[in-house]
Amino acid sequence: MNNKRRSVPGIRHYDGPAGGWGALKATAIAVRTQMDTFDAPATLLRTNQPDGFDCPGCAWPDKEHKSTFQFCENGAKAVTWEATSKRVTPAFFAENTVTSLLAKSDFELEGYGRLTHPLQYHPQSDTFRPVEWEQAFARIGEILRGLPAEQVEFYTSGRASNEAAYLFQLFARELGTNNFPDCSNMCHEATSVGLPRSIGVGKGTVSLEDFDKTELVISIGHNPGTNHPRMMGTLHELARRGVPVIVFNPLRERALERFADPQSVIEMATYGSTDIASTYFQVKAGGDAAALKGIAKHLLQFESLRGGVLDHDFIASHTHGFEAFAADIAATAWEAIESESGLSRNDLEKVADAYAKSNATIITYGMGITQHNKGTSNVRLIADLLLLRGNIGKPGAGICPLRGHSNVQGNRTVGITEKPTAAFLSRLEEVFGFTPPTEHGHDAVQATQAMIDGRAKALLCLGGNFAVAMPDHERVFPAMRTLDLSVHVGTKLNRTHLLTAKETFIFPCLGRTELDMQLTGRQSVTVEDSMSMVHASTGKLKPASPELRSEPAIVAGLASATLSRTRVNWRDLVADYDRIRELIEKTLPGFDRYNERIRIPGGFRMPLPPTKRIWPTPTGKAMFSVFEGVDENRKGTGENILRLVTLRSHDQYNTTIYALDDRYRGVFGRRDVLFMNEGDMAQLGLEHGDRVDITTALEGSIQRLEDITVVAYNIASGTVGAYYPEANVLVPLDYLDKESGTPSYKSVPIRVTLRSKEIRAL
């Protein structure tokens with residue numbers, strides 16, 4: 001940063017690489033402040049090991065277990081945050097009212113430690129009090145039986161195991177609803193909708209082995225150092241062997257610039273690091289589609305002049321719709337591409353030339369692609385670019401959506417979807433003897449709207465921090481209080497738990513790190529990573545409290561108490577999770593020999609027909625798409641419009657905030673900041689450190705975030721960044737991708753004004 005800027009509390013330049021000694025120091029602090037130092041080393045060394053537990057953080061797959069340790073800095077934070085020695089007991093709740101706790105941040109609430117007892121809200125005292133498990137189940141069952149099934153919402157967090165998620169969907173469907181607001185609705189639903197239309201499956205096509213064979217990686221709209229940090233090891237290996245990594249991202253993110261591998265003796269001993277991005281393009285927020293169309297435009301022009309660029313045999317044999325795609329690209333003007341992307345034609349031609357030279361290319365992307373008004377179309381545009389050169393279904397190539405939570409993909413695979421297939425419902429009926437509902441249910445936004453409208457009366461949350469993760473808090477938070485019932489399964493307290501309904505219950509569950517003992521002995525659960533590998537996870541730590549129950553046991557208890565005519569022996573399933581997996585195998589494709597294969601270290605991969613160039617689409621071919629124009633989002637109204645990107649800090653995972661630092665971006669001890677381009681600041685008469693208010697610049701919107709400090713940052717012109725979930729108040733509930741229902745957190749039109757003083761016109 002410029003040394004002439006005025007000093008701002010908590011803002012200082014960080015010059016180190018991602019990883020390295022800074023990561024080891026942060027890991028040591030996390031261990032010291034959360035865990036018993038005797039237990040910590042053994043616990044961390046079991047992370048992502050064949051006989052250990054799956055990291056409760058990101059969904060990046062496990063590589064071969066040859067390294068000293070299989071966890072990263074943020075993974076260590078996730079483990080120590082869960083395995084903390086701090087406890088939230090009934091005595092804590094007796095001394096703290098819900099009203100007083102609601103004044104706390106989620107960071108403070110989760111910082112109190114692990115929940116130890118099942119709890120019920122008592123409105124007379126405004127406190128949570130302990131309740132017996134069976135008493136709570138019985139009361140919840142009584143309420144649910146008195147409600148129409150369509151008025152009940154079943155929310156699932158991506159941390160839930162396959163076994164818990166499968167039982168959860170079974171419970172809901174036997175009750176009679178497909179209402180499954182899910183955390184994936186807020187992140188990669190555009191992938192789940194877009195990729196089936198393009199290639200026939202809603203998952204990525206690459207494996208870790210493909211990264212060993214690739215000649216080029218194009219990284220779009222994600223920050224791996226924070227959001228999927230174990231990926232940094234893979235990118236580090238690519239950079240060290242000279243594979244180009246081309247990055248498109250509005251912000252300069254340290255992990256995509258320089259990384260020091262904590263397992264590299266040389267880099268640690270010499271304080272060295274490795275440059276990750278071979279080229280870094282700071283695309284404007286919402287400008288990715290324009291950039292992708294620019295790359296495709298140059299490829300098609302190059303092909304018409306010289307030939308040899310497109311894979312014509314692949315296009316002819318394996319795709320449909322190329323002519324319409326090519327016509328649209330030809331009709332898209334370079335002026336529009338440059339204006340919307342913020343990049344020059346020369347920049348995009350260079351990327352296209354690099355892509356044309358590569359015999360095997362992988363494109364990775366994150367929520368910078370999906371969380372837009374046209375997120376589904378963005379995903380399909382990436383697939384289009386890969387199809388042009390046959391880069392799906394061959395070694396070293398493919399599409400790689402980067403999932404967030406460790407089992408968000410697995411939950412969808414085992415049935416957490418508001419739009420189930422007829423084949424799946426038929427199998428459920430055949431195996432379980434009840435007729436499941438066929439009409440589509442609610443996604444996350446639809447469920448929230450149903451609460452606001454009074455059409456939803458109950459919310460059951462299998463993990464997560466639902467209300468805080470959603471946009472439009474000014475409408476969502478009050479809606480939670482109108483419910484007849486809310487039930488929350490979790491390990492720690494959060495603000496959603498405190499938005500009490502007429503009756504509210506909190507159920508403490510085992511974490512990934514903890515020993516799960518049932519009637520037949522120690523149990524393992526399974527998860528599916530971003531590359532469709534399914535593997536076992538087995539905790540070993542002593543549970544935080546003898547009162548804790550596993551997620552499958554809690555779901556089974558709720559179902560048994562609610563479904564008076566059920567033919568499912570819920571308690572028998574919980575006694576041995578192999579029995580749950582046997583039912584998954586009977587009702588879902590790809591899980592044959594499930595129990596046998598998860599006992600093999602590393603597990604097994606789910607079927608991915610496109611990797612064999614088999615396309616489960618209606619035409620039997622991969623489908624090109626047409627992205628009309630270059631705009632990804634609705635335009636803002638008025639003057640001085642900027643586009644807001646919501647961001648996670650480095651000390652954060654989803655709504656879980658481990659600390660108030662974001663060291664790679666130079667922010668320490670605070671989160672009330674707005675990252676701005678210095679040119680934009682100058683045009684608006686702002687200075688580094690100014691305090692501003694932010695207002696959503698959409699017609700009819702009144703969203704506002706007040707008293708935020710401006711921080712000069714290396715970010716694309718016209719783009720600003722603020723932290724999620726605090727900035728979610730600026731995202732209207734109906735500002736979303738209509739095809740997938742994904743809220744558009746990554747490009748909200750906003751206007752910035754000085755506190756108590758209007759910014760002068762441009």
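Biologist: To begin, are F675 and Y723 buried or exposed?

Modeller: Both F675 and Y723 are buried. Keep in mind that this is a predicted model.

Biologist: What makes F675 and Y723 an edge-to-face aromatic pair?

Modeller: Their rings sit 5.8 Å apart, centre to centre, and a pair needs centres within 6.5 Å. The angle between the planes is 90°, and over 60 degrees counts as edge-to-face. So both parts of the name hold for F675 and Y723.

Biologist: Why is the pair of F675 and Y723 said to tie parts together?

Modeller: F675 belongs to strand β27 and Y723 to strand β30 (residues 719-723), so the pair links parts that are 48 residues apart in sequence.

Biologist: Then why is the pair of Y14 and Y664 called tilted?

Modeller: The planes of Y14 and Y664 make an angle of 50°. Stacked would need under 30 degrees and edge-to-face over 60, so tilted is what remains. The centres of Y14 and Y664 are 5.9 Å apart, and the limit for a pair is 6.5 Å. Y14 and Y664 are both buried.

Biologist: Which parts of the chain do Y14 and Y664 come from?

Modeller: Y14 is in the segment before β1 (18-19), while Y664 is in the loop between β26 (656-657) and β27 (673-676), so this pair joins parts 650 residues apart in sequence. In total, the structure has 24 aromatic pairs. There's also an aromatic cluster made of F92, F93, Y112, Y121 and F128.

Biologist: What makes F507 stand out in the largest nonpolar core?

Modeller: That core has 62 residues, and F507 is one of those that touch the most other members, along with F154, Y166, F171, L460, L485 and W570. Helix α8 (residues 162-175) gives the most to this core, nine residues. Leaving aside residues up to four places away in sequence, the contacts of F507 include W133, F137, V487 and L558.

Biologist: How do you know that helices α15 and α18 meet?

Modeller: Contact means heavy atoms within 4.5 Å, and residues in α15 such as A290, K293 and H298 meet W334, I337, E340 and S341 in α18. By class, this contact has four nonpolar, four polar and three charged residues. The axes of α15 (residues 288-306) and α18 (residues 334-341) come within 8 Å and cross at roughly 145°. Their crossing is left-handed.

Key:
Residues numbered from 1 in each chain as written. Predicted model: local features only at pLDDT ≥ 70, side-chain atom pairs only at ≥ 80, totals over all residues. Heavy atoms only, no water. Axes fitted to C-alpha atoms, helices over the stretch in contact; angles between N-to-C directions. Helix = DSSP H or I, 4+ residues; strand = E, 2+ residues; numbered from the N terminus. Left-handed = near helix turned anticlockwise from the far one by under 90°. Nonpolar A, V, L, I, M, F, W, Y, C, P; charged D, E, K, R; others polar. Core = buried A, V, L, I, M, F, W, Y, C linked by side-chain atoms within 4.5 Å. Buried < 20%, exposed > 50% of the residue type's maximum accessible area, 1.4 Å probe, protein only. Phe/Tyr/Trp six-rings, centres within 6.5 Å; stacked < 30°, edge-to-face > 60°.
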